[in-house]
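User: Got a model here I'd like to talk through. Can we start with the strands?

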Amino acid sequence: YGAYARDHELSAVGKPTIVGSSDTAFRGDATRWNPEELLVAALAQCHMLWYLHLASSSGIVVCGYEDAPVGTMVEDADGSGGGSFSVVTLRPVVTVASAAMVERSLAIHAEIHAVCFIARSVSFPVLHEPRTVVADDVG
């Protein structure tokens, strides 16, 4: 179990290579993406892309978008080394052009679960803790 490398590369024609490994808990390399991080990143990316679409359709001018998503996993009680996600929480901070856009900006986050392919495909809750700031109020 300890003798083989977990390092690998994800590649597809015409796309940059993603260097991967397993999580450090499973003898992986922390400097490479692991499958759990990629799943959380996919949820955050899908949410962001739908957010930008719905915001644009609503006339909201998005000046910035950052997220610090967190996934919570639980290990199987039988000690098999398996487990699953119990929840992923997205924490987007959206910067909008004016204060008049804040209310709608926050409301959009609740609409995304109905359309995000990734969030609709997982068997655990995907929660949102969004924050909206106004560009004029940013340092």
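Analyst: Val96 stands opposite Val134 in strand 8. Strands here are DSSP runs of E, at least two residues; helices are H or I runs of at least four, all numbered from the N terminus. The model is predicted: local features need pLDDT of at least 70, side-chain atom pairs count only at 80 or more, and totals for chains, interfaces and linings use all residues. Residues are numbered from 1 along each chain as its sequence is written, and side-chain values use heavy atoms, without hydrogens and water.

User: How many bridges join strand 6 to strand 8?

Analyst: Four, and the two strands run parallel. Strand 6 is residues 93-96. Strands pair if DSSP finds at least two bridges between them.

User: What packs on the sheet, touching strand 6 and strand 8?

Analyst: Helix 2, residues 102-111. Its direction makes about 155° with that of strand 8. Contact means heavy atoms within 4.5 Å. Axes are lines fitted to C-alpha atoms, for helices over the stretch in contact; angles run from 0 to 180 degrees between N-to-C directions.

User: What order do the strands have in that open sheet?

Analyst: The order is 3-6-8, with mixed pairing. The edge strands are strand 3 (62-66) and strand 8 (131-134).

User: New topic. Which element gives the most to the lining of the largest pocket?

Analyst: Helix 1, with six residues.
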